[in-house]
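Keep the structure open while you read.

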Amino acid sequence: MRVLLAGLCTVDQIQRVAEIPAPGEKVRSLSMDVAAGGPATNAAVTVAALGAGATLLTVAGAHPLAALARADLGAHGVDLVDLDPGRPDPPAISAITVRDSDGERTVVSRNAHASSRFVLSMRSLHAQLPHSEDEMPRCVLLDGHHPEVALAIARWARERGIPVVLDAGSWKPVFPELLPLVDVAACSSLYRGDDPREHGVPLVITTAGPDPVRWSTADGSGAVPVPVTRARDTLGAGDVWHGAFAYAVARGEGDVPGWIAFANEVAAERVRHEGPRSWTAAVAKMGEGQS
């Protein structure tokens, strides 16, 4: 079973502190980590941890910092397809501070931006996609970054009847064109933009941190509670949720509330652990329980 994910790959530099500093204040960190980040990237790590094949289509490039992301993804079982391997620019970098007492975090980052070199590489995108039946993914997850890639993959998946999940955490200019091509729009409570239903999205989901996850279709709606847990690190919890949900869709068993409940459990497990990858071993056991 394989999930195809496409979107942003960053290099995350994460400092854990007793308190998040005020402007002008300096504090000493309790720990420091470096890992690959970004919505689709963290979701890919989740899919791989659960035991499915995870193929990540992104732009990493040839800059030395990109090697950090490559090493992290390789160590966690993600198959990276770099759409612009010769790109000399540094990857997007996120500076992240996590508060030790409750796992809350601040993030300063810059999203992906287009380049003429990358636009030219789009001509070979379809050569990077699966062609044999054995390689076909059972679900596609997009985060809306690299909009040309998102649109091309959404169209490719629709032609083949592969369900497409959109991580609609925040509004992006490509969404009016992209939303009609997706089967599931999973929005955060901070999402501000067109109602996905207005673009014909069959299933719309809204996550809201520790509050119940709401869902609606043409035939019904509901809410699924989130497990009560002590959060030690909330970094990437939403990305992990999306990866677990895509994994559940790819399995094709159960129903929408069941898929959401599984994603809620996996995300809750993630926030119980400090650090960007310490949770993967516990999530792997959850994947073993699904097999």
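Which residue in E6 does valine 11 stand opposite? Have a look, bearing in mind that this is a predicted model. Valine 11 sits across from isoleucine 93.

Strand E2 (residues 10–17) and strand E6 (residues 92–99) run parallel, joined by eight bridges. They are part of an open sheet of four strands, ordered E3-E2-E6-E7, with mixed pairing. Out at the edges you'll find strand E3 (31–37) and strand E7 (105–108), each pairing on one side only. From one strand to the next, the twist averages 20 degrees.

There's a helix here too. Helix H2 (residues 66–75) lies across E2 and E3, and it runs at about 85 degrees to E3.

## The nine-stranded sheet

Now for the other sheet. This one is also open and mixed, with nine strands in the order E5-E4-E1-E8-E9-E10-E11-E12-E13. Strand E5 (78–82) and strand E13 (221–224) are the edges; each has a single partner strand, so one side of each is left without a neighbour in the sheet. The twist averages 20 degrees from one strand to the next.

At the E5 end, strand E4 (residues 53–58) pairs with E5 in the parallel sense over five bridges. Leucine 56 stands opposite leucine 80 in E5.

Helix H5 (residues 147–159) touches strand E1 (2–6), E4, strand E8 (139–142) and strand E9 (164–168), and its direction makes about 160 degrees with that of E8. Helix H7 (residues 237–251) touches several strands, among them strand E10 (184–188), strand E11 (203–208) and strand E12 (211–216), and its direction makes about 160 degrees with that of E8.

## A pair of helices

Next, find helix H8 (residues 256–271) and helix H9 (residues 280–290). Their axes come within 9 Å and cross at roughly 155 degrees, which makes H8 roughly antiparallel to H9. The crossing is right-handed.

Who meets whom? On the H8 side it's Phe262, Glu265, Val266 and Glu269, and on the H9 side Ala282, Val283, Met286 and Gln290. Sorted by type, the residues of this contact are five nonpolar, one polar and two charged.

## The whole thing

Step back, and the protein comes to nine helices and 13 strands. Its radius of gyration is 18 Å, close to the 19 Å that the globule rule gives for 291 residues, so the protein is as compact as a globular protein of that length. Along the principal axes, the C-alpha atoms fill a box of roughly 55 × 45 × 35 Å.

Conventions. Residues numbered from 1 in each chain as written. Predicted model: local features only at pLDDT ≥ 70, side-chain atom pairs only at ≥ 80, totals over all residues. Heavy atoms only, no water. Pairing = 2+ DSSP bridges. Helix = DSSP H or I, 4+ residues; strand = E, 2+ residues; numbered from the N terminus. Axes fitted to C-alpha atoms, helices over the stretch in contact; angles between N-to-C directions. Contact = heavy atoms within 4.5 Å. Parallel < 35°, antiparallel > 145°, perpendicular 65-115°, else oblique. Left-handed = near helix turned anticlockwise from the far one by under 90°. Nonpolar A, V, L, I, M, F, W, Y, C, P; charged D, E, K, R; others polar. Rg over C-alpha atoms; globule rule 2.2 N^0.38 Å.
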